[in-house]
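Work through the exercises below with the sequence and the model side by side, and try each task before reading its solution.

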Amino acid sequence: MVIGFALLAFLAGDLINGGSTLLRARELNAFSVNKETVQIQDYNSRVEQMTEQFRAQGQTLNEAQTVQLRNQVFSTMVAEQILHEEANKIGLAVTPEETFELVQGDYISPVILNNPMFLNPETGTFNKAELLNFLKTLNDKSASYTPEVQAQMDQLKSMWMETEKQVRNYSLSEKYTNLIAKAIVANSLEVKRAHATDQTVSNLVYVGQNARLVSDSLVNVTDADLKAYYDAHKELVRTQPGAVVDLIYANITPSDADYQKAKDDAGAAREELLNGEDPSLVLGEYSDIPYNNVYISLAELQNSGLPQQVLEFVTNATAGQVSDVMAEGDNYLVAMLAGKKNSPESLRVRHIVLAPKGSYKGQVDADSLLQVLQATPAAFAAAAEEHSLDRNSSQKGGEIGWLNEAQATQYIGADFADAIYKATVGRPFEFTSKFGEHLILVEEARANVDKYNIALAVNQVTASTDTQTRVYNDLSHFLANNKDVEGIDTAAINAGYQVLDDLRVMSAQPMVANNIPESREVIRWAMNNKKGEVSSIMEAGDKYVVARVVDKFAEGYADLKSVENQLRPIVASEKKTDYLYDQLTAAGYSSLQAYADACGQPIDTLNYVKYSTPQLEAIGSEPALNAVAAFAPLNTPTPVKGNGSVYLVNVLSRESDPTAAAEDATKVELTNSRRGLVRMRALDVVMSKADIKDLRWKFF
């Protein structure tokens, strides 16, 4: 019995632990596709890879852009999962041999052909040699790099693995959609009709009147009209899971004391600059932006967005002079002209990047190569193509391009800018940076211009901690005294707070409302709480927000009431079009001139119109006019109801088109057109029928 109880306890413990493990795993699910789950760490890894690509290009993402990126990664991962699921059903795959051919064979994938890393910068065409050099460098196991260079190489390897994955997915998608598209063929009846209508072109005149010109008072949109449109266009109001919330929020605005503090800090910066203190230290202590120790030309200053009063001070000051404190919007500024000089506006620069000396056996010796290049500077471009580790510039013979001092500083550093501006044009020299050994050639210098070195202390007026605490406490006190009040919205408005009612929010939204940025936390709270729950005070950018969940809705179709305001203008436009068309047909105009006089619109001309013409001059897509051009009786005013407009049309003539395609060619064209549409839509249709559950709102 003792042994039996012990064994039972062991099994029960194992079951409990296993169950808790499964529960924890379920809690980490970011989304599921047809019951196949993707965990948050895998999703976040893909998001980080994409974010890293933006960082590598020098871009930073704000909150809205980050949400957009996350949604893009989500859509991509869902599409990939569904694609692989569908492909597995029918035995489609991309083999390693195919991948090799798509990456470096005779049939390079468009994913790689369009990668900027492998394009010739002058011609914009794909450079296969550059691709092969990149792969050779990436796979060189004998190379030894500094930690900084190794980190860059690891990042490139990660990006390349993602690129290969994209290549395989693109190829699999092509296989899948091509397989389906091959089943589509234009039938003989539609071919005959298309061929017949393609034989002639029509010339016509028309008078058009847009429904926007009709007064709202002339049409009445009833509840029945809205219901009918809603029932007929339900797919337009398909929705993700979400919540309806009411918000009360307080703006966190700086106090008078906050303005005075910013002004005092600017004054303190001015005093220290006047006393000769180091500008970098002064701005480090008293400015919201650091000292950018570079020389900038007047033209660059004028295009930099500097306030006019700062520009006027700088251009009239002497070196070392400090301005008074200047007010500019919500900023207090102090400028110092730290220096002024006359030097080339910009330099055209090439470089060769080599690994630091002693990095690995058999590496190129920088000193030896420099001696060769100093003797024959014309060989610099060829040497860069052969030896430089900077693959972005090596394919251009090491050319970085034209750099002013600010750009040179940003490119590598202030010491790099200083070195190239002290260099002799046409004579290569050596330079060491954290990236390795550089051989640099300044090829050309533009004319000298006056340049200014400015130390600009910027003190933005922001709400202090005391101000934020006061706003928070006031809102908290208001809520405590009014939480059970029936008309809390009215009380909030009377107390100076802002109110938003019945906001529909969904998990993928970047913000709860356009005027409340940085409010993902509010959305996450609403998604995680039940109807009737009231939040604590949440911070959203420059606002404190309190939310109440009015209702929750599941994935499916939005109810009519919630989308009524979106549908009403659409239905009104249709009714206005009907109103104009009824007027037009009832009047029975015998000429276009009579209709033009009645509605105050001109008579316009359309020439060389076919039934298949996709876009009409000055009108756009209007299939009803294409049909009239092809089939209406000649010289007979014909009323037409289009998309948001009505027309009275007179077809003047039809002529045979000598360039019309033969029937066989028409069949090929129609078939290709339909197959192209299938290729574009096939995967979207499959995705629309998939069981997709998005749970990312649990995490951010």
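**Exercise 1.** In this predicted model, find the salt bridge partner of D225 and say which elements the pair joins.

*Solution.* Begin at D225, which forms a salt bridge with K575, where the closest N and O atoms are 2.8 Å apart.

**Exercise 2.** Determine which residue pairs with D578 in a salt bridge, and where the two partners lie.

*Solution.* The partner of D578 is K641, with the closest N and O atoms 2.9 Å apart. Since D578 lies in helix 22 and K641 in strand 19 (residues 638-641), the bridge ties together parts that are 63 residues apart in sequence. With a relative accessible area of 32%, D578 is partly exposed, and K641, with 42%, is partly exposed too.

**Exercise 3.** Describe how helix 4 and helix 7 pack, and decide whether they are roughly parallel or roughly perpendicular.

*Solution.* Helix 4 (residues 96-104) and helix 7 (residues 147-181) pack at an angle of about 110°, and their axes are 10 Å apart. Because angles of 65 to 115 degrees count as roughly perpendicular, helix 4 and helix 7 are roughly perpendicular to each other. On the side of helix 4 the contact is made by E98, T99, L102 and V103, while helix 7 contributes residues including W160 and R168.

Technical notes. Residues are numbered from 1 along each chain as its sequence is written. This is a predicted model: local features need pLDDT of at least 70, side-chain atom pairs count only at pLDDT 80 or more; totals for chains, interfaces and linings use all residues. Side-chain values use heavy atoms; hydrogens and water are left out. Axes are lines fitted to C-alpha atoms, for helices over the stretch in contact, and angles run from 0 to 180 degrees between N-to-C directions. Helices (H or I, at least four residues) and strands (E, at least two) are DSSP runs, numbered from the N terminus. Angles under 35 degrees count as roughly parallel, over 145 as roughly antiparallel, 65 to 115 as roughly perpendicular and the rest as oblique. Contact means heavy atoms within 4.5 Å. A salt bridge is a side-chain nitrogen of Lys or Arg within 4 Å of a carboxyl oxygen of Asp or Glu. Buried means under 20% relative accessible area, exposed over 50%, partly exposed in between (1.4 Å probe, protein chains only).
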